[in-house]
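Here are my notes for you, colleague to colleague. Please have a look at the model first, then read on.

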Amino acid sequence: MKLTKGEYCQFSLKSRLALLKEFGVLITEKYVNEKLIRIFRIYDFYVEVLYDLLNNKFLRAEPVYNHQMVAHYLFE
């Protein structure tokens, strides 16, 4: 099984997180203000996961469409 970005986007947030847990590879994570940002590689694309540390909940898990953003997280 291999998903495209478009297929991945059709899943709910809960299902996206489950897919990342099972098939994703954590690339990096950063703390910005009270947020945790994680970048995963899944299949042939990257996903940015945003977690709110104050409210203890996931806000989003969206594909990264601009590879310069991945470089920003890796080299900052």
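In which strand is the place of Glu48? Glu48 sits in strand β3, where helices (H or I, at least four residues) and strands (E, at least two) are DSSP runs, numbered from the N terminus.

1. A word on the basis. This is a predicted model, so local features need pLDDT of at least 70 and side-chain atom pairs count only at pLDDT 80 or more, while totals for chains, interfaces and linings use all residues. Residues are numbered from 1 along each chain as its sequence is written, and side-chain values use heavy atoms, with hydrogens and water left out.

2. Glu48 and its partner. Glu48 is buried, with a relative accessible area of 13%; buried means under 20% relative accessible area, exposed over 50%, and partly exposed in between (1.4 Å probe, protein chains only). Its side chain meets that of Arg60 in a salt bridge (3.0 Å, N to O), that is, a side-chain nitrogen of Lys or Arg within 4 Å of a carboxyl oxygen of Asp or Glu. Because Glu48 lies in strand β3 and Arg60 in strand β4, the pair ties together parts that are 12 residues apart in sequence. Arg60 counts as partly exposed, at 35% relative accessibility.

3. The other salt bridges. The count comes to four salt bridges. One of them joins Glu62 and Arg16, with the closest N and O atoms 2.9 Å apart. This pair links distant parts of the chain, 46 residues apart: Glu62 is in strand β4 (residues 57–63) and Arg16 in helix α2. Arg16 is buried at 9% relative accessible area, whereas Glu62 is partly exposed at 31%. Glu29 and Arg38 also form a salt bridge through their side chains (2.8 Å, N to O); Glu29 is partly exposed at 34%, and Arg38 is partly exposed at 29%.

4. The core. Which residues make up the largest nonpolar core? It has 11 residues: Leu3, Tyr8, Leu17, Leu19, Leu20, Phe40, Ile42, Phe45, Val47, Val49 and Ala61. Such a core is a set of buried Ala, Val, Leu, Ile, Met, Phe, Trp, Tyr and Cys residues joined through side-chain atoms within 4.5 Å. The elements giving two or more residues to this core are α2 (13–23), β2 (35–42) and β3 (45–52).

5. Around Ala61. Leaving aside neighbours within four places in sequence, Ala61 is in contact (heavy atoms within 4.5 Å) with residues including Tyr8, Arg16, Leu17, Val47 and Glu48.

6. The loop. Tyr43 lies in the loop between β2 and β3. Beyond its neighbours within four places in sequence, Tyr43 is in contact with Met1, Lys2, Leu3 and Phe23.
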